Amino acid sequence: MTTLTDIMTSELTTVDRGATLKEVALLMREQDIGNVLIMDGDALVGIITDRDIVVRAVAYGHDLGSEASDYATGNVFSMDASTDVAAAAGEMAGRQLRRLPVTRDGRVVGIVSLADLATRARTGADEQALQGISQPTT
């Protein structure tokens, strides 16, 4: 059985909840990534993507000195590292998630993206997730 531990990216980029949009955008540029986890100590409080910055902040002319956590997705769904990849793909599809934080003992230890499912899982899980994510929301 392939688990999330087997395919996750364990090098996480995180900021504290007081980080600004500009600080997050600079991190994204420097590290060539599209998402950053927002933490309060060891607790995951949000995830912000490059798209969130553009659509929720820049498009409305909001100050880049604003806290990124105000524009992040909160109440982030995560799954345990021991979860089977197929089960995780099902959850990603059902919840229309492109990124899934991975936890162990309640602490974030990694993240799985659609790309990880496609390039590392080799189980067809990426197709399952993508089909669910691509469905229009109601």
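Q: What makes the sheet of β4, β5 and β6 open, and what is its pairing?
A: In this predicted model, three strands line up in the order β4-β5-β6 and the pairing is mixed. The two ends of that order, β4 (79-80) and β6 (107-113), each pair on one side only. These are the edge strands, and the sheet is open.

Q: How do you know that β4 and β5 pair?
A: Two bridges join β4 to strand β5 (residues 99-104), in the parallel sense. Pairing needs at least two bridges, so β4 and β5 count as paired. M79 has V102 in β5 as its bridge partner.

Q: What makes α4 a helix that packs on the sheet?
A: Helix α4 (residues 85-95) touches β4, β5 and β6. A touch requires heavy atoms within 4.5 Å. The direction of α4 makes about 135° with that of β5.

Q: Why do β5 and β6 count as a pair, and in which sense do they run?
A: Six bridges join β5 to β6. The threshold is at least two, so the strands pair. They run antiparallel. T103 has V108 in β6 as its bridge partner.

Q: Which residue takes a positive phi in the hairpin of β5 and β6?
A: D105 does, with phi near 55°. This hairpin has two residues between the strands.

Q: Why is R95 said to lie over the face of F77?
A: R95 is at 3.6 Å from the ring centre of F77. The limit is within 6 Å, and within 35 degrees of the ring normal. R95 lies over the face, so the charge sits over the ring.

Conventions
Residues numbered from 1 in each chain as written. Predicted model: local features only at pLDDT ≥ 70, side-chain atom pairs only at ≥ 80, totals over all residues. Heavy atoms only, no water. Helix = DSSP H or I, 4+ residues; strand = E, 2+ residues; numbered from the N terminus. Axes fitted to C-alpha atoms, helices over the stretch in contact; angles between N-to-C directions.
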